[in-house]
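Please read them alongside the coordinates.

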Amino acid sequence: MFLLNWRCFPIGKLDHQLNEEIRDKEVRVIGADGTQLGIMSSTDALNMAFEKDLDLVKISPNAVPPVCKIMDYGKFRFEQVKKDKEAKKNQRVVEIKEIRMSPNIDVADFNVKLKNAQKFLADGNRVKVTVRFRGREMAHTSIGEDLLKKFGESCTEVANVEKNPKLDGRHMSMFLSPKNAK
């Protein structure tokens with residue numbers, strides 16, 4: 001009859017050395033309650049962990065001697081994964097939404113673009129407002145600059161002007177960022 005005495009099975013990608021994987025001669029051992037148990041041989045530490053029905057985990061391999069802790073590794077990994085999921089859930093990717101206009105835009109169209117920009121800013125996204133010049137409109141870039149300044153002033157209650165209007169080729173653009181970053 002063949003009997004294996006393994007307490008812990010490999011869990012995906014292991015970050016720490018466990019139980020029999022620890023091959024150091026001497027290790028500094030920390031108990032399950034956080035008390036220092038001193039420096040002892042790894043076999044003694046492993047036996048102590050098995051007596052308490054816990055795992056011996058190497059937490060600081062670069063120290064001299066390496067530091068090992070007696071703990072329930074399955075519970076530790078579960079809590080670690082739970083923390084990672086919680087941190088990932090709280091992350092938010094800020095998108096840059098773009099609003100395009102022409103220098104001779106009508107008042108109603110301007111108001112529609114303004115409402116959309118305010119909605120994007122309320123959602124916590126940055127907004128890039130662009131005015132495109134075609135043909136002879138390039139001779140009157142000041143009209144586009146005035147339009148962008150008016151747009152920025154209309155959004156002052158929900159946004160800050162991050163970058164002032166700047167001409168880049170045939171496009172003049174300006175960036176707005178939300179005041180209360182979520």
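1. In this predicted model, confidence is lowest in strand 1 (residues 17–18), at a mean pLDDT of 79, and highest in strand 7 (residues 126–132), at 93. Here pLDDT is the predictor's confidence in each residue, from 0 to 100. The protein averages 84, and 91% of the residues score at least 70. Helices (H or I, at least four residues) and strands (E, at least two) are DSSP runs, numbered from the N terminus.

2. Conventions are as follows. Residues are numbered from 1 along each chain as its sequence is written, and side-chain values use heavy atoms, with hydrogens and water left out. The model being predicted, local features need pLDDT of at least 70 and side-chain atom pairs count only at pLDDT 80 or more, while totals for chains, interfaces and linings use all residues.

3. Strand 2 (residues 26–30) and strand 5 (residues 67–71) run parallel and are joined by 3 bridges; Arg28 is opposite Val67 in strand 5.

4. Contact means heavy atoms within 4.5 Å. Axes are lines fitted to C-alpha atoms, for helices over the stretch in contact, and angles run from 0 to 180 degrees between N-to-C directions.

5. A further open sheet contains 4 strands in the order 6-7-9-8, again with mixed pairing. Strand 6 (96–101) and strand 8 are at its edges, each with a single partner strand, so one side of each is left without a neighbour in the sheet. Direction ignored, neighbouring strands of this sheet are turned by 20 degrees against each other on average.

6. Strand 6 and strand 7 run parallel, joined by 6 bridges, with Arg100 opposite Thr130 in strand 7. Helix 3 (residues 107–122) lies across strand 6, strand 7, strand 8 and strand 9, at about 175 degrees to strand 6. Helix 4 (residues 141–154) packs on the sheet and touches strand 6, strand 7, strand 8 and strand 9; its direction makes about 10 degrees with that of strand 9.

7. Which residues line the largest pocket? They are Glu98, Lys128, Thr130, Lys163, Asn164, Lys166, Asp168, His171, Ser173, Met174 and Phe175. Strand 7, strand 8 (159–168) and strand 9 (171–178) are the elements that give two or more residues to this lining. On a 1 Å grid over the protein atoms alone, a pocket is an open set of points where a 1.4 Å probe fits, with protein on both sides within 12 Å along at least five of seven lines; lining residues have an atom within 4 Å of a point.

8. About 180 Å³ of space lies in the largest pocket. Grid points are joined across faces, edges and corners, and the volume is the space filled by probe spheres set on the points. The lining divides into 2 nonpolar, 4 polar and 5 charged residues. Ala, Val, Leu, Ile, Met, Phe, Trp, Tyr, Cys and Pro count as nonpolar, Asp, Glu, Lys and Arg as charged, and the others, Gly among them, as polar.

Notes: Pairing = 2+ DSSP bridges.
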